[in-house]
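Take a look at the model below.

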Amino acid sequence: MMRRRGASIQQHRNALYLIIFGIYLASVTLQTTTFNEMIPHRVGVLIELATLAALLGLVVCLDTLTPGQIIGEVSLLVLVTVVTLTSSAHYLMPTIMLVIAAREVSFRQIIQVYLGVVGTILLLALVAAEVGLIKNITFATADGLRQSFGVVYTTDFAAHIFYLCAAYLYLLARRFRLVALLPVLFGLAMIYQFTKTMTDVIALLVLISLYLVYIYRRQLRWLRPMIRYSFLMLPLASGLIIGLSNIFNYQDRMLVWLNNLFSIRLSLGNNALSAYGVKMLGQSPIPINGWGGDRGQTVASGVGDATYFFIDSSFLNMLISYGLLLTLIIIIGMTWFLYQRTRQHDYLLPVIFAAIAISSMFDQHFLEVTYNVFILMLFADLPNYRTAVGPAFDRPVVIRRGRRADESSTGLSGAAVDPDHRPDVNSIR
């Protein structure tokens, strides 16, 4: 009786979390569109404060934590509070509370809410922009016309599409068919054709490639190391962009070539490191002069001050703005988590994070849940399923964890069995 009551309380608690998450997600996603001109700023602030209060109430009143968990979560909250007060990055508090409060919440349901809310808002923004209800910010460049489709900047629209595709592929992995890649390829075409954002084009190509290797790892045995060690991409990508920015100078031809290839991000990163340095607990807001939104249209028209300074890289921005300590905790903590997934033969999340790491080298959205919903994985309930891929490329099947090899090959569309009579299974998260 008590067990049933406890399960019921947990279900209601998880449902409340998903509702709170959905409301907050809708608020912050609307702020990334030109609908934001119709919404008073104080509405977003009130929703953020209400989100913090509601999530804190869920954790304090309904979570049963061990002393170690309490110490760990309180310490993390204290650190994030200090960094928030120092850097004025107020979105960090609701983000970390969403991570902590996601304990035992179905991660698949979190992804479903994300797809539903963000996908719907982006679709509405696109239609509203096309019919003239809201601004469709565009830029005429040498490569052609760049459009934002109702989002505040073209690169932000591209980032939304990339993360939506990643979420879609995550849910798709249970019963994958090649034809299901069509929406992802359509998203890739939109990014390339209408936004000219090569960062997300490359990141999405990497995601598709690694995802197919993951799905068809039986047939592509020689490529398995790519997914087996994909958890290393996060520290490698962050270390690479920070290291190159730190050593950049105009006397080195290779670094100058890379700087041009990366749209002068290395020189901008070097300027930021030289001017502001790295503090342990972050620093006060760094003045930036980006070209997003209407500002970009003004500069493109040749009007106003054209001096550009913006820290595009998520990893550099974390290090300079939020401090060395929080950056190390995030990078090392997530890498350790992804490594533990691989030890359980779960390569799906590490594969997705490999593509996210590449994207985050050049954009600033790694810690923003309206883009990177996958940061909520750390405390969430990951589904206990394993994926077995059949001998052909067209029949992946799903079996429940713990079933015997002879059971997995019966009544499941001919699931493949290794020569040692064990199914080629990897748990899917």
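Helices here are DSSP runs of at least four residues, numbered from the N terminus. Keep in mind that the model is predicted.

Is Ile332 buried or exposed? Exposed means over 50% relative accessible area. Ile332 has 55% relative accessibility, so it counts as exposed.

Two elements give two or more residues each to the patch: helix H3, residues 67-87, and helix H15, residues 324-343. The largest share comes from H15, with 5 residues.

Now go inside. How many cavities of 30 Å³ or more does the structure hold? There are 2.

The largest cavity has a volume of about 40 Å³. Its lining is made up of Ile241, Arg265, Leu268, Gly269, Phe310, Ile311, Asp312, Ser313 and Leu316. Helix H12, residues 265-276, gives the largest share of this lining, 3 residues. By class, the lining has 5 nonpolar, 2 polar and 2 charged residues.

The second largest cavity holds about 30 Å³ of space. Tyr91, Ser314, Asn317, Met318, Tyr322, Gln364, Phe366 and Leu367 line this one. Of these lining residues, 5 are nonpolar and 3 are polar. None is charged.

How values were computed: Residues numbered from 1 in each chain as written. Predicted model: local features only at pLDDT ≥ 70, side-chain atom pairs only at ≥ 80, totals over all residues. Heavy atoms only, no water. 1 Å grid on protein atoms, 1.4 Å probe; cavity = no way out; pocket = protein on both sides within 12 Å on 5 of 7 lines; lining within 4 Å. Points joined across faces, edges and corners; volume = space filled by probe spheres on them. Nonpolar A, V, L, I, M, F, W, Y, C, P; charged D, E, K, R; others polar. Buried < 20%, exposed > 50% of the residue type's maximum accessible area, 1.4 Å probe, protein only.
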